[in-house]
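Please look over the sequence and the model below. The report that follows takes up folds, contacts, backbone geometry and confidence in turn.

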Amino acid sequence: MQSNRDNDASIEQPATPPPGAEALPPGVIVPRRRASDRPSIDALPDWCNLGITLRVVTSVNLLFFGVVGVSARSWGVFVSGCLDVAASLEPILFASLLLGCLARRLLLPLAAPWQVAGNLAISVAATLIVEALLGPLSGLGSGYAWRDAALAATVCGAILYWAYLRSQSNLPALAEARLQALQARIRPHFLFNSLNAVLGLIRTDPKRAESMLEDLAELFRVLMRDPRERVTLAEEIELCRQYLAIEALRLGERLQVHTDIEIGASGTLVPLLLLQPLVENAVHHGIEPSTAVGRIDLEVARNGSFVDILIANPWLGERAKRPGNQMALENVRQRLNLLYDLEGQLTTAVKNGRFEVRVRLPYTSSPHEHER
Amino acid sequence: MSTSADPPAGPPSAGTARAAARVLIVDDEAPARARIVALLSDIADQFSHEVVGEAGNGREALALIETRPVDIVLLDVQMPDMTGLELARHLAALPVGPAVVFVSAYDEFALKAFEVHALDYLVKPVRAARLREALERVTRLGAVQPAVIRAAARAADPRAREMISVHERGRVQLVPVAEILYLKAELKYVTIRTAQRAYLTEESLVALEEEFAESFVRVHRNALIARNAISGFERVEAVSEDEAGGEPHWEVVLRDLDERLPVSRRQWPVVKVLIKG
């Protein structure tokens, strides 16, 4: 394990298990938390995240329209009041979110109080700038710039507090998700069958047995890693290839694999073990239960700021359904939801006799990108 | 380990000087079969045997068993198409079926079911000593009762079978359940009727009714009809010579067969709902 000299003292102590690790089964080695995993990070909402932006815009608008509604005597007054408010509210709101998104990287390394102060300052600055620009044009809000700035700072503070509460209440859910990630990782069935296959190959084909054990070791090395880590998509795809190589030895020609990976997409960061459980699922439900030759597709493409992943396997019908069906899908879906909110999606469909899993997530390029 | 003179066909435990046991290996994964073959050759000195074949799925195994006598089947539980459990049930239908030793990588349900019914099984990766032990035990005890295999298989995998196996002239015939029009109890046997022909099985109508409750409905004390084979019902007023005893009653009209089956008065309320719903 590498030493993190710039970390807090509490994180530096080697004997202290990482918070949330108590629930892990014994014998599972979890690396120490990295600096980026400090809980204070969770308190700062990601203004660049579509889901969070949407929620903030909606709730702030509802709040202000509600205030107008309380004092309005008629529908006409209410509507014109809302329009008045919206004329200055929306520019300020969007300017604040834009600045917040831009300044996020700068604020992230700072301690929590400074992050809060920075965000409040951004909301004040955004208000003053917008009113300075719009004031002369519309005549609205001029002269009340400082009052509006104070109002903006109050709203911003309320949102930060809400985000803090939300992150607190999310902690048990995160720990649970981690545990699920561990549980869904490997089917015992796969482990014992693979070991049995290696034993079967050792005498007749020692070379292949060797490479199978190497792949198996590599796979288990990844399985022992901290599930919260992120890896590049290329690494995750390599893991899938190793997994499929093991299965190919076992299942023989029944397993065919087709991959189409766009190079431009494979640099993105993804949660560890995002795809491997889905590929394992595809083999478990699409290839193993049938005597016929079956093909697994793994396609990755970049679409603007998103990466689209497709995993498809032959659909053998309801009858071939095997127990533990929804586990892997539900697990990956939950992790996407926790990490990307509305921007990460997992959808499934049966099309032309094939079961398709589509994953869409935002392209994240920086190797030092922080979680949420 | 092939013996030059073929020992007389019969139960393996019968001979005083033990003849080489004829072993068939059934597993869908080639490396897994190779492993068993290697282990068998390791224990050849302690357990006299002969590998008479390898099969990659249940159908291959059934075909092999028709062509040559087999004493012991080493049977993988999790196989595509026809699972080891289903194959074991078909083998149990043979008059002199081979003894079965189940092999499973990891299947909690199956292993629990085997334990409950005191069936011997091996877990993958198999060890030579354990394999020998299982082979010796099964040679000593012979094949397990078909009823025990059936019960264990039902416990391990509660889904209904897709095939019913029928034993005819030393061969195992597989009748797809989807093709069956009706099942009718007659004296000692149950008649299985498809559009083409009829088969006989020794399985009980009660057990069949329980297993195929989803696709079959009881219309009479002695008959189950496939729900999708019913095309309609007809009221018979006239005195007829069949078992309904001449009273007015309803009869099932079948879709693909020009044959009527009486509906008993007791079952009519259950059956008539089908046509109205």
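## Chain B: overall make-up

Chain B has eight helices and 15 strands. Helices (H or I, at least four residues) and strands (E, at least two) are DSSP runs, numbered from the N terminus. The model is predicted: local features need pLDDT of at least 70, side-chain atom pairs count only at pLDDT 80 or more, and totals for chains, interfaces and linings use all residues. Residues are numbered from 1 along each chain as its sequence is written, while chains are lettered from A and ligands numbered from 1 in the order in which they are written.

Of the 277 residues in chain B, 39% are buried. Buried means that 20 or more other C-beta atoms lie within 10 Å of the residue's own; exposed means 12 or fewer, and partly exposed falls in between, with C-beta atoms placed from the backbone. Among chain B contacts with a separation of 6 or more, 58% join residues 24 or more positions apart. A contact requires C-beta atoms, placed from the backbone, within 7 Å.

## The five-stranded sheet of chain B

Five strands of chain B form an open, antiparallel sheet in the order β10-β9-β8-β12-β11. β10 (198–201) and β11 (216–220) of chain B have a single partner strand each, so one side of each lacks a neighbour in the sheet. The twist averages 25 degrees from one strand to the next. That angle is taken between axes, which are lines fitted to C-alpha atoms (for helices over the stretch in contact), with angles running from 0 to 180 degrees between N-to-C directions.

Within this chain, β8 (residues 180–186) and β12 (residues 223–226) pair in the antiparallel sense over three bridges. Pairing requires at least two DSSP bridges between the strands. Leu183(B) stands opposite Leu224(B) in β12(B).

## Where the chains touch

The contact draws 20 residues from chain A and 14 residues from chain B. On the side of chain A that touches chain B, the elements giving two or more residues are α7 (188–202) and α9 (233–251) of chain A. α7(A) gives the most, with 10 residues. By class, this side of chain A has nine nonpolar, eight polar and three charged residues. Ala, Val, Leu, Ile, Met, Phe, Trp, Tyr, Cys and Pro count as nonpolar, Asp, Glu, Lys and Arg as charged, and the others, Gly among them, as polar.

α9(A) has 19 residues and reaches 26 Å from its first C-alpha to its last, close to the expected 27 Å. The expected span is 1.5 Å times one less than the number of residues. Just after α9(A), Gly252(A) takes a positive phi of about 65 degrees.

## Backbone details

In chain A, β6 (residues 345–351) and β7 (residues 354–362) pair in the antiparallel sense over seven bridges. Lys351(A) stands opposite Arg354(A) in β7(A). Two residues lie between the strands of this hairpin. Asn352(A) has a positive phi of about 50 degrees although it is not a glycine. With 7 C-beta neighbours inside 10 Å, Asn352(A) is exposed.

In chain B, Asp81(B) is also not a glycine, and has a positive phi of about 65 degrees. Asp81(B) sits in the loop between β3 (72–76) and α3 (84–92) of chain B. A cis peptide bond joins Lys124(B) and Pro125(B), with omega about -5 degrees.

## Confidence

The model scores ipTM 0.71 and pTM 0.68. Chain B has a mean pLDDT of 84, and 89% of its residues reach 70 or more. pLDDT is the predictor's confidence in each residue, from 0 to 100. Over residues 1–17 of chain B the pLDDT is below 50.

Terms used:
Contact = placed C-beta atoms within 7 Å.
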